[in-house]
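Please study the sequence and the three-dimensional model shown below. The paragraphs after it are meant to be read with both in view.

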2 protein chains.
Amino acid sequence: MDEFQFIKSIKQKTYHQHSLIKGIGDDAAVFRDTTHDIVTAVDTFVDKIHFSKQTTQPFHIGYRALAANISDMAAMGAIPKFYLVSIVIPKNVGEKSLQSIFTGMRKIASLYKMDLIGGDTVSGSVLTISITIIGYVPKGKARYRSDAKDKDVVFVTGTLGDSRAGLHILMNNIDASFTHYFIKKHQMPTPRVTFAESLRPLKRVSLNDVSDGIANELKEIAEASKVTIMIKDQEIPVSEHFSQFSRTQQNEWKYFGGEDFELVGTVPKQDWPIVKENAKKLMLRISKIGYVTYNEQLNGQVYVKKNNKIKLLNTFGYIHLK
Amino acid sequence: MDEFQFIKSIKQKTYHQHSLIKGIGDDAAVFRDTTHDIVTAVDTFVDKIHFSKQTTQPFHIGYRALAANISDMAAMGAIPKFYLVSIVIPKNVGEKSLQSIFTGMRKIASLYKMDLIGGDTVSGSVLTISITIIGYVPKGKARYRSDAKDKDVVFVTGTLGDSRAGLHILMNNIDASFTHYFIKKHQMPTPRVTFAESLRPLKRVSLNDVSDGIANELKEIAEASKVTIMIKDQEIPVSEHFSQFSRTQQNEWKYFGGEDFELVGTVPKQDWPIVKENAKKLMLRISKIGYVTYNEQLNGQVYVKKNNKIKLLNTFGYIHLK
């Protein structure tokens with residue numbers, strides 16, 4: 001199978017998105033939409049750094065990679081529409097694995113009626129997948145991390161640390177309880193697109209997705225918004241099966257684990273009941289974990305209250321470049 | 001320098017494009033344009049496959065990679081506006097080289113007032129650059145390779161094979177005439193954006209850029225348009241310094257060399273004078289190299305007339321995946 005046959009095999013026969021004018025098959029894809037703002041991001045995944053054979057089947061490599069991109073759209077309040085995939089393929093990755101990677105992407109793409117509209121296929125020594133995602137958001141409704149303000153409620157969806165726990169189980173082949181639950185959270189995360197969309201009526205929401213661990217995400221909000229964020233350790237939501245891991249692991253994973261792809265953000269106090277109600281309708285757990293404050297000396301920082309002590313929350317998540 | 005410092009260092013202080021709402025600094029970039037169709041493509045470049053230390057300085061790696069993407073926009077008749085860069089960085093690539101790669105990209109980006117609006121930076125063992133480009137084209141004015149029709153004139157801009165000759169000189173450290181000319185054609189190609197834009201008044205143009213060699217590009221047009229393309233060998237434009245290379249080299253490079261980033265396409269016969277006139281105004285060489293014909297048995301193929309014999313033109317360009 002050569003490059004052209006491969007591209008032909010992954011090319012969609014039909015497209016879902018009416019705004020698409022030209023998909024795969026020319027020098028570039030073309031789409032038209034005059035009622036939305038266009039949102040775009042790119043995320044790259046490298047073998048042995050972002051995934052490994054031991055913990056991730058080809059299907060899940062594809063699924064998780066696109067999920068991470070979709071989560072970026074959720075964090076912007078946008079609906080994902082299109083994706084382009086650039087893949088570097090080593091000789092030792094067979095056609096079956098390749099097809100499975102794309103099947104994994106198609107699987108999660110289909111949940112959002114997303115279309116694969118372009119990409120590039122090159123040979124190389126390290127399996128590398130770079131995904132560009134394009135989404136739509138109603139004009140002026142993109143959600144930024146710079147929109148947090150004094151007295152806002154800080155919230156987070158779902159539970160944190162589960163993906164990291166799943167990775168731990170896979171890496172160490174551990175016989176844990178609810179193994180399947182944690183592994184699924186790692187391999188097939190659910191971006192919170194619908195929840196972010198449900199917040200549209202709200203005037204102001206600051207938003208990030210938990211890709212690098214909540215410590216990093218909150219710090220980004222605090223820095224971009226020039227505010228101080230205060231959270232309570234005991235309010236950080238974890239799953240009921242999380243207590244089987246050591247205290248150190250629990251603590252590390254919930255703050256720095258990352259890849260949970262939950263949403264963390266802030267809203268004005270008076271909007272918090274609406275946020276809670278929306279989450280409830282979607283049967284999505286949501287937690288108030290703290291509040292925003294304004295203190296010129298402390299702005300840009302995140303503080304955690306634990307056992308009646310307030311500590312600065314350090315950030316050390318996945319920083320790949322040293 | 002960590003990932004964040006690096007991103008900060010390459011982040012533009014100001015943006016050129018008024019349609020950009022949010023550049024680098026959130027989970028995704030946001031832009032708004034209601035009067036154009038949006039055109040997007042991605043291209044990936046891997047060390048030792050698409051470039052090497054021997055032939056390409058970091059500055060030129062960046063310049064050429066973005067030029068290739070810009071050329072895709074030209075091939076669509078679109079004006080490039082934004083780019084996102086995903087880069088895999090090995091330990092042995094120092095900060096200075098990295099900065100030079102981005103300086104190279106900025107150099108050519110500035111010619112088009114393009115903005116760097118996103119990307120990803122990860123560590124890995126092989127330097128890999130994946131660029132996503134986004135451009136605008138007036139509604140319905142995107143140019144496709146599927147628009148060639150019977151009796152069209154087939155044209156190509158510039159001269160072919162020069163980039164491949166430049167690579168040859170660099171790889172073999174050859175003492176050729178006009179070395180600088182060929183090397184520059186290889187390292188700093190000029191995409192034909194303005195020329196493609198000048199064709200806007202024309203109703204129908206089929207267009208491809210010469211990234212993989214004209215044999216491949218013509219075949220793509222013939223296949224997509226379901227027509228037969230007949231070209232004359234002696235009409236293929238080559239530079240006046242090309243004759244110093246062997247006949248085999250000349251023949252191979254002009255058909256299969258690729259990376260000249262010229263434009264090849266077809267227009268109705270009556271529009272050919274306009275195309276010529278536009279090229280003249282831009283001081284761009286343009287050549288009529290053949291015509292389109294319709295023959296059910298031969299459609300999808302390209303034929304070359306050479307020494308009064310007509311031969312099927314085979315395609316073997318850069319097919320990276322085997």
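The model is predicted, so local features need pLDDT of at least 70 and side-chain atom pairs count only at pLDDT 80 or more, while totals for chains, interfaces and linings use all residues. Residues are numbered from 1 along each chain as its sequence is written, chains are lettered from A and ligands numbered from 1 in the order in which they are written, and side-chain values use heavy atoms, with hydrogens and water left out.

The relation between the chains comes first. Lys22(A) places its charged end over the ring of Tyr144(B), 5.2 Å from the centre, and Lys22(B) lies over the face of Tyr144(A), at 5.2 Å from the ring centre.

How many of the residues of strand β7 of chain A are buried? Five of the five residues in this strand, residues 153-157, are buried. Here, buried means under 20% relative accessible area, exposed means over 50%, and partly exposed lies in between (1.4 Å probe, protein chains only). Strands (E, at least two residues) and helices (H or I, at least four) are DSSP runs, numbered from the N terminus. On one side of β7(A) are Val153(A), Phe155(A) and Thr157(A), on the other Val154(A) and Val156(A), and all are buried. Two strands pair if DSSP finds at least two bridges between them. β7(A) is joined to β10(A), residues 263-267, by four bridges, and the two run antiparallel; in this pairing Phe155(A) stands opposite Gly265(A). With β11(A), residues 286-293, β7(A) pairs over five bridges, also in the antiparallel sense. There Val154(A) stands opposite Gly290(A).

Aromatic rings form a further theme. A pair of aromatic rings is described by the distance of the centres and the angle of the planes. Rings of Phe, Tyr and Trp (its six-membered ring) pair if their centres lie within 6.5 Å; planes under 30 degrees apart count as stacked, over 60 as edge-to-face and the rest as tilted. Over all chains, the structure holds 26 aromatic pairs. Tyr181(A) and Phe182(A) are edge-to-face, because their ring centres are 5.0 Å apart and their planes stand at 80°. Tyr181(A) is partly exposed at 28% relative accessible area, whereas Phe182(A) is buried at 0%. The rings of Phe155(B) and Phe195(B), with centres 6.2 Å apart and planes at 80°, likewise form an edge-to-face pair. This pair links distant parts of the chain, as Phe155(B) belongs to strand β7(B), residues 153-157, and Phe195(B) to helix α6(B), residues 193-198, 40 residues apart. Phe155(B) is buried at 0%, and Phe195(B) is buried at 1%. One aromatic cluster is formed by Tyr181(A), Phe182(A), Phe242(A), Phe245(A) and Trp253(A).

In chain B, helix α8(B), residues 247-256, has Trp253(B), Lys254(B), Tyr255(B) and Phe256(B) buried. The buried residues of this helix pack against α4, α7, β9 and β12 of chain B. Gly258(B), with a positive phi near 75°, follows the helix.

Two single residues complete the tour. His186(B) lies in helix α5(B), residues 179-187, and is buried at 2% relative accessible area. Its side chain makes a polar contact of 3.2 Å with that of Ser163(B); such a contact is a pair of N or O atoms within 3.5 Å, where within protein one must be able to donate a hydrogen and the other to accept it, and residues adjacent in sequence count only if both atoms are side-chain atoms. Ala65(B), in helix α2(B), residues 58-75, is also buried at 2%. The C-alpha atoms of Ala65(B) and Ile129(B) are separated by 7.9 Å, although the two residues are 64 apart along the chain.

Key
A charge sits over a ring if NZ of Lys or CZ of Arg is within 6 Å of the ring centre and within 35 degrees of the ring normal. Contact means heavy atoms within 4.5 Å.
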